[in-house]
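This briefing is meant for a reader who is meeting the structure for the first time. Please keep the sequence and the 3D view at hand while going through the points below.

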Amino acid sequence: MTVRPGERGDERRGERQVGLARSHESARGHVTGSARYVDDLWMQLQGTVHLWPVTVPHAHARVLALDPAPALAQPGVLAVLTASDVTGENDTGPARHDEPLFPAEVCFHGQPVAWVAAETEEQARLAAAQVKVELEVLPALLTIEEALAAQSFHTELERMEHGDPEVALAQAELRLSGELHIGGQEHFYLETQAALAWVDEAESVFVQSSTQHPSETQAIVARVLGLPSHAVVVQCLRMGGAFGGKEVQANAWAAVAALAARKLRRPARVRLTRQQDVRMTGKRHPFLARYQVGFSRGGKLQALLLELYSDGGWSLDLSSPVLFRAMFHVDNCYASDSLRVLGRVCRTHNVSHTAFRGFGGPQGMLVIEEILDRIARTLEVPPHLVRERNFYQPGQRTHYGQEVKDAGRIERIWKELAQSSQFHARWRDIERFNAQHPHEKRGLAITPVKFGISFTTAFFNQAGALVLVYRDGSVQVNHGGTEMGQGLHTKIAQLAADALGVRFEAIRIMPTRTDKVPNTSATAASSGSDLNGAAVVSACSTLRKRLASVAAEHFRSAAEQIVFEAGHVYPQGQPERTLPFAQLVEQAYLARVPLFSSGYYRTPELHFDRASGRGKPFHYFAYGAAVSEVSVSSFTGQYALRRVDILHDVGSSLSPLIDRGQIEGGFLQGVGWLTTEELVWNDAGALLTPNASTYKLPSLGECPADFRVALLTRAAEPGVVMGSKAVGEPPLMLAISVREALRAAIAAFGASGHLVELASPATPEAVFWAIEAARSHRQVVPGVQANAAQ
């Protein structure tokens, strides 16, 4: 993966790489098709075996017998893999070991119970249909409500609390209660799950995997094969998208490929079709939230009691930390002196829901934004006023005890964005428009984001790197992060170029491999640049110090006075004495100075006590806000996103073009989750929306006609690599502004003073029925209780 020159051409001498607006390092490969992915590689190997799953069309069933004989008699079939072929442990669950690779009990509709290996994919597909599976169909739990009724859970009840919420609620001036169902979301990465495995002459297994977590994939493959980890190497060349869906759920497909490769002594390939991928992999967790809120007549929060229930599906996967992050983020940007949040993961007979961009944070934030809108409509006050009245102030702490660092930034972003977007003038314009148009209404909303950055499991907050300098001055960089289109490798190359004082073109980022950097964390939690970037800079700093000593001898100068700049080295203040970097490297080699170094970084001062629900789980917070304007038709519920203004905090941007792309893409993915992307299952647990013809992804038609994105200035974050901040996940939650703008437009069809019930996702159908309900409401807010003592 060779880095190509940036869009601005060769940098001027002395120009820093960090902060330059560079295109993605693989952009040319992406658009020309020369960038290779896992399933492009098998054609280079001789005798590759193709695998196809044998699936069960029931959500819950016991396997009584499995007869592979009819399949084995088909042309080209080499084997039918079953539990008897597993030489290690028949399980791919990351922590709890609750995911049998070949299950005796089927726990979701379409679960594989065997795999057919054949000479071609078509032969494997046809033979899989011939495998005879005898089943006993069992009752299935398919919804959160059914799981609650059956007391079916993966976890115990979790709790975070501060203040005295019960007393505060009883004493509150006004009270509301309600519940909110939050739908899931399909990852729909362009590259489906894929793995390619073979065995070398040393009996070691090499796996090419589309995985966000090569080290975990290595550990799971080793577990299934009964091998030590050093006998398995996993490489991730690049991924065609992942969004969290390949953090854990890439492991099973890699294990199947490795098992076939070891059994048949031939390369083996697994690549799910789109429908297989959508039906067999987990989604963003659906949630059910129940709440009671107490508030003042001025709109200030006085008490919050929340219950969060997530649908974890059939296995635990990452559902526990997803729930915790939802619980961490139920405050968003708003302070409450008395808050209690309870949470529990439900066990159902659905696919195992998993990580997805935001990792529970979006669901938690959606709940508090729903509550604040209800408060505003109860009081007949514009929702943006209620929001800003509840912002965190400097020195305040969250409900889990962490100080909200830079809390003043929330109000700063809010005011700057309101001014740059002409929010208040447009609010008045929309009021006039709505008064004149009975069948079309417009809505405008502004919402903020406060998102905690770090893995909430503390030991994942570490990273390693290996940097190699060659005698010609070119550099290879190995690090533990994986590239899935988010631009991590571009940022790492910029950091390495600056740290060594070389040109961008001198850096080559290598594919992520477990034999180069061991025991890596997943590329997730928006931490890829923070962790791996710091580790790479650490390694480069070591190399630079060694080279500075060599240069000091050459120039007869102090090492501290040596300048490394754009591929040249010279004593400070004497650029005319420059020495090319490559020549310095050659001198270092001849002087027997090591030209390679490892680097390491771990995030400091993180801690959280699960029992007390208190601690400092996040290194810092990323902030942002968005203003969205929509228009809605009363005839069909169809809507259009007219304009979006975003102001987002990325600290001191490492790569502004990459960061803008992440903000725009994350926002649109959030729009999809909250508006168009509706997952539908039937009563038997079968997914009815398994492809792009039935599952509505946001496209150019959903993009705002006017899309304005700005990065917050004067926002450097101390203690993070080059003052930057994470950008992968926080922008997704800016899309909540679109949902709230839709709610504002719907409310305009009815009288003021009523609540707007809006489904999530707010599809055009849901919006249509919400409009009908708004039109039928009288000027009454149901469910509001006033404290008789007030």
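Contact, as the word is used here, means heavy atoms within 4.5 Å. Leaving aside neighbours within four places in sequence, Gln-218 is in contact with Ser-229, Val-232, Val-234 and Thr-514. This is a predicted model, in which local features need pLDDT of at least 70 and side-chain atom pairs count only at pLDDT 80 or more, while totals for chains, interfaces and linings use all residues. Residues are numbered from 1 along each chain as its sequence is written, and side-chain values use heavy atoms, with hydrogens and water left out.

**Confidence**

- The mean pLDDT of the protein chain, pLDDT being the predictor's confidence in each residue from 0 to 100, is 95, and 97% of the residues reach 70 or more.
- Over residues 1-13 pLDDT stays under 50, and the model has 44 contacts beyond four places in sequence for them.
- Residues 778-782 also have pLDDT under 50, with 12 contacts beyond four places in sequence in the model.
- Where pLDDT is low, the predicted coordinates should not be read in detail.

**Overall form**

- The protein chain holds 19 helices and 30 strands, which are DSSP runs numbered from the N terminus (helices are H or I with at least four residues, strands are E with at least two).
- The radius of gyration, taken over C-alpha atoms, is 28 Å for the protein chain, which agrees with the value near 28 Å that a compact globule of 790 residues would have; the globule rule is 2.2 Å times the number of residues to the power 0.38.
- Along the principal axes, the C-alpha trace of the protein chain spans about 85 × 80 × 50 Å.
- Among contacts in the protein chain between residues at least 6 apart in sequence, 80% join residues at least 24 apart.

**Burial**

- Of the 790 residues of the protein chain, 62% count as buried, where buried means under 20% relative accessible area, exposed means over 50%, and partly exposed lies in between (1.4 Å probe, protein chains only).
- Gln-218, which lies in helix H6 (residues 214-225), counts as buried because its relative accessibility is 11%.
- Asn-478, placed in strand S18 (residues 475-479), has 2% relative accessibility and therefore counts as buried.
- Not counting residues up to four places away in sequence, Asn-478 touches Ala-465, Leu-466, Leu-468, Met-510, Lys-516 and Val-517.
- The C-alpha atoms of Asn-478 and Ser-454 are separated by 22 Å, and the two residues are 24 apart along the chain.

**Backbone details**

- Most residues other than glycine have a negative phi, and most peptide bonds are trans.
- His-97, although not a glycine, has a positive phi of about 55°; His-97 is found in the loop between strand S3 (77-81) and strand S4 (105-106) and, at 37% relative accessibility, counts as partly exposed.
- Asp-317 is a residue other than glycine with a positive phi, near 50°; the place of Asp-317 is in the loop between strand S14 (301-311) and helix H9 (319-328), and at 7% relative accessibility Asp-317 counts as buried.
- The peptide bond from Ser-760 to Pro-761 is cis, with omega near 15°, and Pro-761 is in the loop between helix H18 (736-747) and helix H19 (764-776).
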